[in-house]
Amino acid sequence: MPSRHASKICIDLTNIFSQNQVQRDSGNRCEKTGGIIMNTSREYAKYTSLNVLGMIGLSCYILADTFFVAKGLGSNGLAALNLAIPVYSLIHGTGLMLAMGGATQFSILKSQGAQRRGSQAFSLAAMLACCFAVLFVLTGIFGAGMVTRLLGADQAVYQMCKIYLKVLLLSSPAFLANDLLLCFVRNDGCPQLAMAAMLGGSFSNIILDYVFIFLCKMGIFGAVLATGLAPVIGIGIQSAYLIRRKNTFHLVKTKFAQKEVFKLMAGGVPSLVAELSSGIVIVVFNGIMLSLQGNTGVAAYGVITNLSLVVISIFTGIAQGIQPIVSRCYGAGESEKVRYVFRYAAVTVMASSALIYVGMFLGAEQIAAIFNSEGNVRLQQIAVYGIRLYFIATAFAGFNIITSIYFTSIDRARPGNAVSLLRGVVLIVPLAFLMSATLGLTGLWLTFPLTELLTAGAAAVLYFKSK
């Protein structure tokens, strides 16, 4: 009998200790998960907030030009500027393609301890940037007039548009170098400096716009000169980081291998398409708008184009903010943190897009009036109507941008490129012609929301399949 009681006591004690151990293990897991969530949320907030501020500042390049050109040169100047924006998108998009593709590889390799290979990714990106810079500069010297005609400039705006394009193309080495440094400095653990460089360049652009256009009376040349000097100032701000040798990326000897070039560029294609799609949309919409409403319609669309650059820059800022975290965690095998970061980004996009659209809808009259310096009634009507329809797309566009960058950040370029190409070329171009032919101006404004909605459906399917 006593032995049976002793056995029972032993079993009870064993059960108690087992339950306590389970509770301790469960508590440890909860504490660990809570720590992961807390650390991830802090890191996410740091990177995205700094990058969004920087990207908003960067988008002020063109927004400041739009405001000052509208005030100083009227609707013809605004139309000329809008016709030239696709070239800016091409240059900036190329810079981001090389920078994001190279920086993603650098971050993954760095987290795996392959420091030299990370520097080789930087060196290859720098070599490619030099090649593209030569191409853009030669186009500016010999082909500015041809590009101006291809973009649809008529006699009234041809000369202003040509001047803007020529100086923009000649400034391309500075744009490419600035984009490259921004991405690598951010991935090297210094997002504060990247933000300071973006904001410094943008604020200088705004000040120089006023000085060159109004005080120096330099017209459209003054506007584009201010824009071209802005990345030079950004490079100057970041140069202290390189001079003090705080950077872990360096120029090293590397092979210009076809496979490595394609891999690097493929990783940055979503960034290129995100920028280039704006340019493609502008070219297509300008052509259709010329046939529907003439130069007044193009000027009104110019208002919406520049507002769109600012809105898209917010989402691009979120996407570029999560890229260093996602790439580093992916390289280190921390899949749970990768999922948390993507969820935070999705929630941020939904919340910010709701605020943006409410602001655009309620303030459409006032926003359009800011850029309508001549008080053109028709321009005001077209712009207000367009703002309220065009920006229905904000939530869908934001989701598509972060999803495409998310895929490339985890070294899966194919689904990321598919999302980018769908929204940038495959859907929007045929839909623009179809919608405008059937519904006129209303159809043209609704093309962008419909494209982003359809792409968001495809992006959601690709994301859940990847999980």
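A residue is called buried when its relative accessible area is under 20%, exposed when that area is over 50%, and partly exposed in between, using a 1.4 Å probe and protein chains only. N417, with a relative accessible area of 14%, is therefore buried.

This is a predicted model, in which local features need pLDDT of at least 70 and side-chain atom pairs count only at pLDDT 80 or more, while totals for chains, interfaces and linings use all residues. Residues are numbered from 1 along each chain as its sequence is written, and side-chain values use heavy atoms, with hydrogens and water left out.

## Overall architecture

The protein chain has 14 helices and zero strands. Helices (H or I, at least four residues) and strands (E, at least two) are DSSP runs, numbered from the N terminus. Read along the sequence, the pattern is α-α-α-α-α-α-α-α-α-α-α-α-α-α.

Of the 467 residues in the protein chain, 55% are buried. Contact here means heavy atoms within 4.5 Å. Among contacts between residues at least 6 apart in sequence, 83% join residues at least 24 apart. The chain exposes about 19,500 Å², and carbon and sulfur atoms supply 67% of that area. Accessible areas come from the Shrake-Rupley method with a 1.4 Å probe; for residues, only the protein chains shown count as cover.

F285 lies in helix 8, which spans residues 258–331. Its relative accessibility is 1%, so F285 counts as buried. Leaving aside neighbours within four places in sequence, F285 is in contact with Y301, Y390, A432, L444 and T447. F285 and Y301 are 16 residues apart in sequence, and their C-alpha atoms are 8.2 Å apart in space.

Beyond its neighbours within four places in sequence, N417 is in contact with A266, V269 and P270.

N376 is placed in the loop between helix 10 (364–371) and helix 11 (377–390). With a relative accessible area of 23%, N376 is partly exposed.

## Salt bridges

A salt bridge is a side-chain nitrogen of Lys or Arg within 4 Å of a carboxyl oxygen of Asp or Glu. By this rule the count comes to two salt bridges. The table sets out both pairs.

| Pair | N to O distance |
|---|---|
| K110 and D188 | 2.9 Å |
| E452 and R423 | 2.8 Å |

The side chains of K110 and D188 meet in a salt bridge. This pair links distant parts of the chain, with K110 in helix 1 and D188 in the loop between helix 5 (172–187) and helix 6 (191–215), 78 residues apart. K110 is partly exposed, with a relative accessible area of 29%, whereas D188 counts as buried at 9% relative accessibility.

The side chains of E452 and R423 form the other salt bridge. E452 lies in helix 14 (residues 428–466) and R423 in helix 13, so the pair ties together parts that are 29 residues apart in sequence. E452 counts as buried at 0% relative accessibility, and R423 counts as buried at 6%.

Patches are made of residues with over 30% relative accessible area and no salt bridge; like charges are joined within 9 Å, and nonpolar side chains (Val, Leu, Ile, Met, Phe, Trp, Tyr) within 5 Å. V134, L138, I141, F142 and L170 make a nonpolar surface patch of about 500 Å². Helix 2 (residues 115–142) gives the most to this patch, with four residues. L138 lies in helix 2 and counts as partly exposed at 43% relative accessibility.

A pocket is an open set of points on a 1 Å grid over the protein atoms alone, where a 1.4 Å probe fits, with protein on both sides within 12 Å along at least five of seven lines; lining residues have an atom within 4 Å of a point. The largest pocket holds about 490 Å³ of space. Of the 23 residues that line this pocket, the closest to its centre are Q105, L109, R117, E260 and K263. Helix 1 (2–111), helix 2 and helix 8 each supply at least two residues of the lining. The largest share, six residues, comes from helix 8.

Methods
Grid points are joined across faces, edges and corners, and a volume is the space filled by probe spheres set on the points.
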